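Hi everyone, thanks for making time. Today I'd like to walk you through the aromatic rings in one structure, so let me put it up.

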Amino acid sequence: MHHPPDILALAYKQPFIQDQWSLIQEREIMLAPSMKYSISRYEKKPQWHIEDMGMLVYHYEKSNAANNYLELKFCITGNIYCDLQDKACAMCKANLMVKCEEKADSVDVFSFRFSPAHLSQFVKPLPKQPTLSENILNFTHNSSFTKLIPICSKSRIILENLLQQNFPNSLEHIFIHTQAHLLMLYTLDCMIGEKSIDTINCKFLANEADSKKIIQARKILIEHIGTPITIKELSKKVAINECYLKKGFKEMFGTTIFDFYQNQRMEHAKYLLYEKGLSVTEVSLLLGYSSISHFSTAFKKHTGLKPCELLFKMVS
């Protein structure tokens with residue numbers, strides 16, 4: 001099963017996910033032996049709240065330089081996916097298919113990965129006081145990091161152009177190659193003057209495998225809405241240290257594991273009460289509460305009202 005990349009998990013702000021990520025398209029291109037481009041398109045559900053986001057991943061291993069790389073990731077929304085052929089898409093662009101049922105909102109995730117060998121062609125001898133961007137290009141910054149970056153208007157135009165381009169074969173590679181370097185230029189240009197890294201502080205999250213473990217932990221919590229799971233059990237399931245799990249989860253999702261889980265349960269409780277029409281007793285049992293009073297207290301803490309009070313308010 002395909003798991004959404006870390007940037008998509010960070011961009012996703014809705015606390016409750018009921019549906020799986022629906023991958024529509026996925027493509028990977030080796031632009032050069034030391035440069036890789038990929039794009040993944042997901043169907044955007046109406047209830048999703050996703051922020052456009054950029055990320056720079058600097059992976060550095062002092063003892064194994066062959067594993068070093070620099071990666072740019074971008075997550076953007078607001079685009080339309082159409083499952084029909086070019087003729088229909090042309091009609092859409094001409095506004096001739098206002099009520100086309102094949103169109104759907106999408107979330108697009110881009111990745112541009114550069115090796116030190118590729119970036120070395122742009123490197124000049126370092127000055128006595130190199131800038132942060134120069135240290136990054138030279139791979140002389142001696143620790144891995146992940147940095148969230150804003151998507152400026154120039155970068156956004158490039159990403160949109162990449163989605164809409166229709167160059168054939170070799171011309172496509174030339175186009176993507178050029179756009180990738182422009183994105184690198186705009187990203188590093190934003191970092192000129194910075195002397196330190198304002199990053200995702202857990203350095204181990206720069207490792208993609210560890211990031212996926214945190215994302216997997218979040219998925220397991222969602223799957224255990226009605227059967228509470230301890231942090232110790234959760235850490236064993238995803239094979240990561242408890243301390244790393246707690247710190248990494250807070251760093252990636254901006255909340256503690258406990259608060260996230262409680263919010264999940266209460267959002268699901270609202271869904272069961274108002275969408276499915278279940279009783280307070282039934283919902284309390286389904287969510288694994290030992291008593292209705294415990295459930296009612298937790299629900300009031302989350303919504304400001306007890307379940308019965310909110311039900312009455314909705315009816316009236």
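**Aromatic rings, inside and out**

Let's begin with two phenylalanines: Phe 74 and Phe 112 are both buried. Keep in mind that we're looking at a predicted model.

So how do we talk about two rings together? A pair of aromatic rings gets described by how far apart the centres are and by the angle of the planes. On that basis, the count for this model is ten aromatic pairs. Phe 74 and Phe 112 make up one that is edge-to-face, with 6.3 Å centre to centre and 70° between the planes. What I like here is where the two partners come from. Phe 74 sits in strand E4, residues 69-82, while Phe 112 is in strand E5, residues 103-114. They're 38 residues apart, and the pair links distant parts of the chain.

Now compare Phe 167 and Phe 175. That pair is tilted, at 5.1 Å centre to centre and 40° between the planes. Phe 167 has a relative accessible area of 38%, so it's partly exposed.

Which ring does Arg 113 lie over? It's the face of Tyr 69, at 3.8 Å from the ring centre. Arg 265 lies over the face of Tyr 289, at 4.2 Å from the ring centre.

That's my tour, happy to go back to any of these.

Definitions and conventions:
Residues are numbered from 1 along each chain as its sequence is written. This is a predicted model: local features need pLDDT of at least 70, side-chain atom pairs count only at pLDDT 80 or more; totals for chains, interfaces and linings use all residues. Side-chain values use heavy atoms; hydrogens and water are left out. Rings of Phe, Tyr and Trp (its six-membered ring) pair if their centres lie within 6.5 Å; planes under 30 degrees apart count as stacked, over 60 as edge-to-face and the rest as tilted. Helices (H or I, at least four residues) and strands (E, at least two) are DSSP runs, numbered from the N terminus. Buried means under 20% relative accessible area, exposed over 50%, partly exposed in between (1.4 Å probe, protein chains only). A charge sits over a ring if NZ of Lys or CZ of Arg is within 6 Å of the ring centre and within 35 degrees of the ring normal.
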